[in-house]
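Here is a walk through one model, from a sheet to the cores and then to a loop. Keep the sequence and the 3D view side by side as you read.

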Amino acid sequence: MSQPMNQPSPPGDESPTVATAPAGPPPPPTRRTTELWLLAFSAALLSIANILVDANQEAALTSQILYNGAAFLALFAAAHFAVRKWAPYADPLILPFAALLNGLGLVMIHRIDLAMASRLEINPEDAQAAFYGGPLVGRQIMWMVIGVAFFILTLWRIKDHRPLAKYGYTCGLVGLVALALPGIIPFSSIAPTVNGAKIWLRFPGGFSIQPGEFAKILLMIFFASFLVSKRELFTAAGRTFLRMNWPRARDMAPLFVAWGASVGVLVFERDLGTSLLFFGMVLVMLYIATERAAWVVLGLTLFVGGCLVAYQLFGHVRQRIANWMDPFATYDEAGGGYQIVQSLFSLGSGGIFGSGLGSGRPDIVPEPHTDFITVGMGEEMGFVGLSAVLILYLLLVMRGLRSALAVRDSFGKLLAGGLAFTLGLQVFIVVGGVTKLIPSTGITAPFLSYGGSSLLANYILIALLLRISDAARRPAAPPKPKPKQAPIAEAHTEMVARPT
Amino acid sequence: MPELVIQLTRAGFLALLWLFVLAALRVVRSDLYAASGLRASVPNTRRAQPRQPKGAKSPRQLLVTQGALAGTRIALDGRPISIGRADDSTLVLDDDYASTRHARLVLRGSDWYVEDLGSTNGTYLDRAKVTGPTRVPLRAPIRIGKTVIELHS
């Protein structure tokens with residue numbers, strides 16, 4: 001069989017292929033069908049996870065689980081068809097990753113609901129179960145549906161990412177106000193302090209949002225458009241010192257402003273996570289725009305300086321560092337190492353392969369449905385399962401960065417790079433925090449954690465990423481033929497009606 | 001549930017989760033060879049394709065090596081490539097030293113030619129200023145303002 005293949009084919013055979021090759025390239029693959037298959041796969045995976053949880057928790061196995069899986073698939077099929085219609089060349093992996101992560105989060109929250117309900121049944125005065133506040137999975141499903149609706153809406157309304165650059169300063173102003181609002185409103189009825197952080201806005205009717213999650217996206221749009229228009233300023237001028245090209249002092253103003261804002265968040269809202277996230281985002285976007293390592297060195301120096309000052313001035317920062325250095329020493333103190341220690345015990349009891357979904361005790365970790373949801377997954381799915389989840393995040397970030405590399409305009413590059421990097425940094429901060437790699441900070445795991453604002457903002461974020469990846473992968477349109485205009489000397493005289 | 005079933009389902013679920021990751025990695029792999037936006041050229045190991053002799057490699061993609069768009073690839077499919085600050089250019093430059101319609105790359109026979117379209121600051125092919133249509137060898141740098149592009153096979 002291999003003999004004829006190795007021989008050069010006779011010229012008569014080759015001519016048809018040569019003749020057909022230049023006839024025009026085949027239409028580039030959109031890979032939308034791959035996306036649909038992966039979505040179906042994730043729906044099946046989640047149904048199995050749901051069955052395992054219910055079976056291990058000895059809840060009744062009903063056909064409800066299958067309906068849930070079908071409803072999940074239907075929801076994401078709607079998102080898929082929106083992508084097919086409005087962003088046909090978009091990346092095929094981003095949406096399935098978001099869907100699977102969100103679904104795994106739902107399964108985990110459902111599992112914690114069951115655990116808390118059974119704890120309340122045994123002891124009606126269980127403080128943690130009572131504080132948890134009833135089954136939350138229904139509300140999270142509602143937020144997921146709203147999130148997907150916003151995803152579709154974003155894809156529908158924003159047909160091209162480039163005009164967003166025109167609204168850069170508006171986005172920046174709105175974002176800054178949104179970020180600062182919970183910190184500067186003094187009334188605790190509107191801006192309450194929850195778990196030590198003042199990052200919520202409460203509206204009448206028991207409805208509250210975390211404006212910082214949305215401010216993140218708006219500020220990224222601002223920084224991308226600002227850096228594109230002022231890029232020359234940051235790259236051209238400067239002097240070489242210590243074998244690095246340093247920017248001029250007056251060009252460093254935006255960095256100082258960002259640093260001031262993130263320190264402000266730290267001081268007034270007492271939110272370490274958002275502060276870190278915001279500063280990292282600005283630093284990386286500056287680095288992407290200018291390719292100067294000096295910015296990173298400068299930024300990290302500023303950050304370390306800020307941390308040292310904050311450590312001296314604020315008790316809650318000192319407490320966090322002490323909990324990180326030795327959580328067992330502060331186990332019994334209020335606000336001490338209890339959370340971290342519980343999380344380490346939980347991960348340790350999970351081991352390599354985990355206890356199996358529904359067989360662990362993720363409910364004895366504090367905040368098991370928000371900040372510590374990855375710990376619950378680590379306990380029940382083990383190192384193997386948690387690393388699969390982290391690889392899903394890694395691939396999601398990688399696809400975003402790949403779109404940033406491939407897109408042909410600078411604004412799109414910066415925005416996609418910033419959006420993708422922020423997602424990765426957020427996962428690093430939350431997972432690093434709960435595994436005692438870095439000091440623990442209150443921040444949500446994107447798509448996994450319980451919380452409407454975070455989910456909504458992240459769906460808008462991936463809609464923007466899909467929009468940019470669509471622009472990156474879309475084949476270049478053939479140039480439009482110029483309308484032929486007759487030279488003025490050859491044009492005929494025309495009768496025109498006199499305007500009245 | 002019996003212990004054995006728990007153990008089996010536990011391992012089975014993890015295997016399925018990793019299967020999803022592998023399926024995703026397969027998609028990543030097949031995309032790895034595709035240039036931005038255009039035809040995917042996945043190397044096919046099973047079928048012996050009629051290949052061109054080694055000496056006469058024709059450029060298959062355009063690669064931006066320096067400037068703001070560094071890293072961008074555009075697959076060459078025979079259509080002319082226009083370069084400039086105009087929005088409808090194939091490669092839209094965001095560079096103060098580039099003109100609105102700066103230069104053009106066209107295919108004649110099996111060679112690509114670069115042509116300056118009357119730009120203010122000129123187009124340079126490997127340090128020589130381009131005055132008329134000039135043949136572009138493989139990997140020769142074409143300089144436009146701060147941007148450098150090369151043709152790769």
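In chain B, β3(B) and β4(B) pair in the parallel sense, over two bridges. Strands count as paired if DSSP finds at least two bridges between them. Strands here are DSSP runs of E, at least two residues long, and helices are runs of H or I of at least four; both are numbered from the N terminus. Within this pair, B:Gly84 stands opposite B:Val92 of β4(B).

This is a predicted model: local features need pLDDT of at least 70, side-chain atom pairs count only at pLDDT 80 or more, and totals for chains, interfaces and linings use all residues. Residues are numbered from 1 along each chain as its sequence is written, chains are lettered from A and ligands numbered from 1 in the order in which they are written, and side-chain values use heavy atoms, leaving out hydrogens and water.

Now step along the sheet. β3 of chain B covers residues 81-84 and runs antiparallel to β5(B), joined by three bridges. There B:Ser82 faces B:Arg104. β5 (residues 103-108) also joins β6 (residues 111-116) of chain B, antiparallel, through six bridges. B:Ala103 has B:Asp116 as its bridge partner in β6(B).

Put together, five strands of chain B form an open sheet, in the order β4-β3-β5-β6-β9, with mixed pairing. β4 (91-92) and β9 (134-135) of chain B stand at the edges with a single partner strand each, so one side of each has no neighbour in the sheet.

Next, the cores. A nonpolar core is a set of buried Ala, Val, Leu, Ile, Met, Phe, Trp, Tyr and Cys residues joined through side-chain atoms within 4.5 Å. Buried means under 20% relative accessible area, exposed means over 50%, and partly exposed lies in between (1.4 Å probe, protein chains only). The largest nonpolar core has 118 residues, and those with the most contacts inside it include A:Phe76, A:Phe151 and A:Tyr459. Apart from it lies another core, of 22 residues, among them B:Val114 and B:Ile142.

Leaving aside residues up to four places away in sequence, A:Tyr459 touches, among others, A:Phe76, A:Phe151 and A:Phe447. Contact means heavy atoms within 4.5 Å.

A:Phe447 lies in the loop between α17 and α18 of chain A. Its phi is near 70 degrees, positive in a residue other than glycine. A:Phe447 is buried, at 0% relative accessibility. A:Lys436 sits in the loop between α17 (410-434) and α18 (452-473) of chain A. A:Lys436 is not a glycine, yet has a positive phi of about 65 degrees. A:Lys436 is partly exposed, with a relative accessible area of 30%.
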